[in-house]
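This briefing concerns aromatic contacts. A pair of aromatic rings is described by the distance of the centres and the angle of the planes.

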Amino acid sequence: VIGKLTGDYQAALVGSLIMDIDHLAPAIKEKRLFNFKEFWRRSKSSSDSARSFMHGLIPWFLFSAVICFFDLRFGAIFSIAYFGHLLLDTLDDSPFYPFFPNKKISVKGFIPYYSGEELIFSIALFCAYFFI
């Protein structure tokens, strides 16, 4: 949706997906990166959430500032998309720590992870994309 609104799909996709590299860390550490069955099992479990450093406000700010320094337009769209990802992560019911590794402050949303409600919300976003 952000890519369509801004006309820059690259910046929006990079911004919205870059922080998910922290989901790969446990798979790499446990040497099961290419085990599709295990990947699928973990993707359906909010208790196995690998949200860590990249899913926080400090890395969002730092990455956004550095990228904006080099290319303001790309950086602004990247920053909006990154922040949008963080906001969407606060909606599901797995814990979100905005100041990771400090886990004293956490946000837990109202949409159950991998639920019908999440599917409806996803469809609504998909529709928004086509009607914008």
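The model is predicted, with local features needing pLDDT of at least 70 and side-chain atom pairs counting only at pLDDT 80 or more, while totals for chains, interfaces and linings use all residues. Residues are numbered from 1 along each chain as its sequence is written, and side-chain values use heavy atoms, leaving out hydrogens and water.

**Aromatic pairs**
- The structure holds six aromatic pairs (Phe, Tyr or six-membered Trp rings with centres within 6.5 Å; planes under 30 degrees apart are stacked, over 60 edge-to-face, the rest tilted).
- Phe63 and Tyr82 form a tilted pair, because their planes stand at 35° with the ring centres 6.5 Å apart.
- This pair ties together parts 19 residues apart in sequence, since Phe63 belongs to helix H5 (residues 57-70) and Tyr82 to helix H6 (residues 72-89); helices are DSSP runs of H or I with at least four residues, numbered from the N terminus.
- Phe78 and Tyr82 pair edge-to-face, at 5.8 Å centre to centre and 70° between the planes.
- Phe78 and Tyr82 are four residues apart in helix H6, so about one helical turn separates them.
- One aromatic cluster is formed by Phe63, Phe78 and Tyr82.

**Burial of the cluster**
- Tyr82 is buried at 0% relative accessible area, and Phe78 is buried at 1% (buried is under 20%, exposed over 50%, partly exposed in between; 1.4 Å probe, protein chains only).
- Phe63 is partly exposed, with 32% relative accessibility.

**Charge over a ring**
- Lys4 lies over the face of Tyr129, 4.6 Å from the ring centre (NZ of Lys or CZ of Arg within 6 Å of the centre and within 35 degrees of the ring normal).

Technical notes
Helices (H or I, at least four residues) and strands (E, at least two) are DSSP runs, numbered from the N terminus.
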